[in-house]
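Take a look at the structure below. We will walk through it from chain contacts down to single strands.

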Amino acid sequence: MKLVRMLVLTAGVVLAVSGAVPLLKRILADSKPSVQLNVKNAQPREVEEVTQNAILRDYTLAWQGIGTALANNTLQPLNENFSGFALDRLVQRVKDQKQNGLSTRLIDRGHKVEAVFYSPDGSAVELKDTASIETQVLDGGTVIHSDQAQIQYYAVMTGAEDRWKVRVLESSAR
Amino acid sequence: MGRILAVIFAVLTVGLIAIGTVHGSRNAQASTPEGAVQAMFGNAKGHDWNGAYSYVASSSNVDQGGFIRDLTGRNGSLRTYSQLDSVNTRVLHESDTEATVRTELKYATAVGVSFDTRDLKVVKEDGAWKVQWPAEKEVHVPPQVIPVNYLRWDIVWRGAGDDWGAQNVENPNCRILSMNAVERDGGLIIMGEVENEDTVPAFITVGAVLTDNAGKDVAEESSFDKISHVLLPKEVSPYRIDFPGIKKSDVKSVRMTHDWMLVPASADPVIGVLHQRIEKDITGRTVLKGELLNESGTTVNIPHVLATFYDNGGKVIWVSDAYSDHALLPQTPQPFSVALRDDLAANVHTYRVTVNHYSREN
Amino acid sequence: MSSPSIAPGRQVSLPSRAVPLSWVLLLALLVHGPLLLMQITNDSYDADFHKFFAAHYAQHWFNPWNEKWFTGFSQTTYPPMEQQWMALFSHVIGLNLAYIFVQLIAILLLPIGVYRYARIWVGERAASYAAIGSVLLGSLASLVYVDGQLSTTWAAPLYLIALAYFYEWAREGKAMALAKALALTMAAASAHHVTLLFASVIFTIPVVVIALMDRKRDGADATTAGVISRSAIFAALSLGGIILVLLPYWLALKANPIKQMPIPHGSRENFFSQGWLAVNYILVPWGAMLLAVPFIFVKGLKESRLRPLFFGFWLTMLFALGGTTPLPRMLLGMLAGVVNVITGANVHNPFDILTFERFSFWANLMALPIVALLAVSLIDRYGRKAAFVLGTLAAFTVAFAVSWPVYHPIHDAPFSTAEVISFLNRDGHDKFRYLTLGFGSKMSEVGIGANASSVDGEYNSARLLPEMTQYGSAQLTNSKYYGTNGIESLRAVLKHADQYGLKYIFVRDPYYEPLIAFAGWRKTEVYDRGNVSLWVKDGISPAHRTPYGTPPTAMEGILWGTLPIGSSIIALLLMLMFPDKRRKLEPIEFPLNANEPVLREAR
Amino acid sequence: MRKLIFIGLIVALCWFAADCAHAADLNLPKDAVAGQPLSIGTSGTGTLYLIGPGQVIKREFKSGGNIEIKGEELRSAGRWIAIARGDVRQSQIFWVKPGKPENLNFLARPSRVPVARPNVITGVAFIFDKYQNLILDPTPVNFNLAVGGTGSSKTVTSRDGIAWTNSASAPKAGAAQFVASVGGTQVRRVVQQVAADPCNLRMHVAGRANNNVVIETDPIRDCSGNPVPDGTIVSFIQTDRSGRSTVDSRIKKGIARAELPVSDNATITVAAGVVLGNELHVGGKQ
């Protein structure tokens, strides 16, 4: 009888864990990436503290948005944080992924970001981002590619109504 | 038994209706001067013009149409956007045949509550008190041609497409010229002046955020209608921001917020402010009085007068405003009056009046 | 719920027979079906309010927190049953037809309720006439086609049927009758709390009295103590049930007691002070029934068994007269005084919060059994002529009530809100809050279609913004009708536009233009051929949650999504699974003859 | 014999392994450029996915051979992933560079500026290729600012895709042409240079009309001699025994004009914004 109870208990625990793990993974997947921003070398204008905080917040959200959009092939997270060329490009990527049955899981291990340009009128900022990212491409549920690398990104953010949005996002081999 | 009960209940019902109805009647003959004024305005409030006019003395020399226009307004003025809310009366002087009744009329207008205090003469006619209505002189602007060099700014904005980098017209440069925070009537008031320094018209809003000693924002208010929102090039407007119930000692700092927008605007109408002087009104309160003169050829429906009062150091010590309940007809002077706090009157060295306006689209 | 029929073996002429209930329902369908399909009721005053609530339930069944009005409010502040049914039907037939359909159900329930209630007081035939009368009531037409009081029209019949079962339970102690009475009472409470609050006094007390009087009739053999104790059990269980099904409502009320200044309403005026008030609140709802009032007084007081009903009717009628008599204000003031003494609270006189047009409906319902007796005697005396005259008068009554808005319009000229909704739903405009001015009840139509949140709303009791509760005015969109209170409330809200993220104002009435122009809004667009203009204030930050009101907990949401509608489903199941046993009918006219005890037919 | 068979098997196995290894080869060019055709060598049968920053390209391949990607298909510069699925499964990373500069996003600020102010005009150019890829390599950009044919020109080399410059506004009012050019691409903006604050504001009595005194200013100019734009507010203030009278007049055709009530002893002052003008004393009946 005791054995039966133990078995039932074990089965329950296994069930609970198996249910909780994907949930936990999802929570982790949706969590914000860690971003460090350095604005000391921004030219020609000095970045104000308020702007620095806003950029840090919105660039972090932008990467969170990319992760969610590419993993789930949804456009909503992109519309909130991207505009212009970057938005067009990512939207196309999501649409193409969806059409081909692919998705991309980005495991974001952090960004070291430096503001290299802040326009004199305060409307645009260029960021140089060294990102540690593990990229997994999935065909249905199967991982068909996985790599981990440090990638250099250049991002141009411009001020929108209530936030900064990424207008250009380009990776470079430099 | 049943029939008696039926009669009792029928009588009871009719009695209750009678009590309720007689109690609310307002068309009785006025037995007091105050009663006449109250009854006249009571009927006017209920739009019973015949009833109201029946309390007007025949010696008033006003026909019913003119009387109604006096009460309901003309030319799209603020009075035409008003409903009478309440009437307070007080007899200043009374004899057997004549009395003077101070009447404070409270109106609900399209821009807020408005008060109008008048000393009405009440006379006894045929044994009943009647109001000698001071008929307003109806102004008729003579036919004429007023040449206008029509000057306005139109704006062509950037297209709707997201053409980043494409040039857009810049918002104007404006500047808050001064800011003075004072505590009055248990609240904090922030006032000062703002100027459009640019060569294009500006639409401005000015607000303030108060921060307490812990650095936390405690209140946020805007100048609302205590400012002229459209400023032409080099135009200066006063502003006043009220924070009711906040003490100056509880505030560590004030953060001014503003927004300057480029808007299409017209340079007309030009409204002159003539013969400004500080004096006492009939209630003994200090007011700034004068006349408004619409120098353009179109009617200004609702003028809004903003007065800035300065001390001898040129500091803004008070900003007050008033809406005129009469429209400004072209080339026709119209009196105005703006309240000034009695306790500040002695400190006022100079003042400046600007006129904001609303004109109905035709 | 079976149709009453004529006992076999007796030959009676058509006018002297009870009319089968199925015929009455058919009549209701014939009279109201076309009117409903013409969508007249969709233009009624509260129609969009109910649709607005239903639209939210359709999308968020278990989340009663609705951010579209008052910057956020809980829909647990209004009983949800009929709106939830609308929400369910809307998925199939759309919101407008769902409203019509749910309203039709209420109209069909009414003759059943009136029949069951009338049967307590009068015979089979008179009860069936009362049921016919209920279909053609001016007050019903007024509530349905002018006021749009869906909840009142739903709750009343449910409660009337519940009372019929309560009568059975009180006298005979049948458990199934108790179960049905309770289920129907809870369903009625889920439909409309105000109806229940007053109905528990004006409808129930006469039934308790008659149950005591009838304790030995019709084979019942109850004692006075038995009737009283069973009434007490019913009252206690009903109270518990109502508390349970509307638990989130009580919690919301406790968290945010209704503290607002009285809002003026025509039904609180003396109806004889202005002609239109008398027409609107007396002539329209009462119609031809006014001619029967002397008979109601005489008959109601002559027959001892009808007296409890008469007293209930008389009190309700006086309440229906609003401020015409001082009695309602006095009685409600005394009630508030008693509550204040007992609880130590500071409750204002409810007279200033209530609206009294629904009391005409209730008074009409209570009068119907007595009026039906008049109809019986007239038809018996004058035959088809009387039937024709009565039918014509009833038809005129309902026709006048339906057509009254033509002579006394409640809406301005119609206008389209489509462009307003389209603007709010595009280009991220819904990040900001908006306000409509001069839209009347079309405000709810905008609320249904737009994703954006408004600072205004149409349900006064849900308002929590201090700028609104501190002033005695209702909707901001109608501010100008509330004098200085209205305009000051509007000014106060506009002053805090920055805090509320209030960027867009849609103006239908140019009256409001001076204020918003002086306050810093700019006219930017014009819609519906100049009927509506959009005014925008620059520099406003996107809206965020305001500190007013607390969203219901998830558990409250689940309770709200299950219990109220569940009570109606349980009531329906009980009625269908345990139908009433047909009584062996014996058509005995009322009164059989003057020497016999009154209401012998009630045996 | 057994040894021979064993060796034979080993050879066969090695050959098979080599073949397989060969099949797994994806020959990706190291210098792919956005907008230029790309040839990818494959072997075996399967599907090739090219996953780029802003697109996914899918190609079926059979029996080896090259896969040709057209220039207009390869639009996004940056990091790409090539994944082969089929007989073999393999993936590789490759980089695509931006093409030649063909687009400029030129932010010229402000659009309106007072004359003769130092370093008030700024121009920022973002350099893109045909497919809006930011060109990160240093690129010379020419900025030219001219009013009425005279002006200045400056060449700035871009850094991380951006080149910027600043300049003073000219002393003469008018529409300045601000042009940024790179390669054959040129973008033009207009900077309106407007008059500064009024200078030497002066008024005089111009006559009488309708029982009023007509006061008029001289033509109003800034300190560089540019006419102050029409519509600018000029305030006339008359002070006499009956109080103060003010008229906020608008400049029309270069001058401001106001009618003030006739007074037997009045002082009239004039101001535009915070700039004060002369003072007039009007006395006696005229």
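The contact between chains B and C takes 33 residues from chain C and 38 residues from chain B. Here, two residues are in contact if their C-beta atoms, placed from the backbone, lie within 7 Å. On the chain C side, the elements that give two or more residues are α13 (289-302), α14 (307-320), α21 (483-495), α22 (497-500) and α23 (513-518). Such helices (H or I, at least four residues) and strands (E, at least two) are DSSP runs, numbered from the N terminus. α21(C) gives the most to this side, with 6 residues. By class, the chain C side that touches chain B divides into 16 nonpolar, 10 polar and 7 charged residues. Ala, Val, Leu, Ile, Met, Phe, Trp, Tyr, Cys and Pro count as nonpolar; Asp, Glu, Lys and Arg count as charged; the others, Gly among them, count as polar.

A word on the model. It is predicted: local features need pLDDT of at least 70 and side-chain atom pairs count only at pLDDT 80 or more, while totals for chains, interfaces and linings use all residues. Residues are numbered from 1 along each chain as its sequence is written, with chains lettered from A and ligands numbered from 1 in the order in which they are written.

Of the 5 pairs of chains that touch, B and C have the most contacts. Chains C and D are joined by no contact, and their closest C-alpha atoms lie 19 Å apart.

Now zoom in on one residue of chain C. C:R508 sits in the loop between β5 (502-507) and α23 of chain C. Is C:R508 buried or exposed? C:R508 counts as buried because it has 23 C-beta neighbours inside 10 Å. The cut-offs are 20 or more other C-beta atoms within 10 Å for buried, 12 or fewer for exposed, and partly exposed in between, with C-beta atoms placed from the backbone. C:G438 is 70 residues away from C:R508 in sequence, yet their C-alpha atoms are 4.9 Å apart in space.

Next comes chain D. An open sheet there has 3 strands in the order β17-β18-β22, with antiparallel pairing. Two strands pair if DSSP finds at least two bridges between them. β17 (203-209) and β22 (257-261) of chain D stand at the edges, each with a single partner strand, so one side of each has no neighbour in the sheet. β17(D) and β18 (residues 212-217) of chain D run antiparallel, joined by 6 bridges. D:V205 has D:I215 in β18(D) as its bridge partner.
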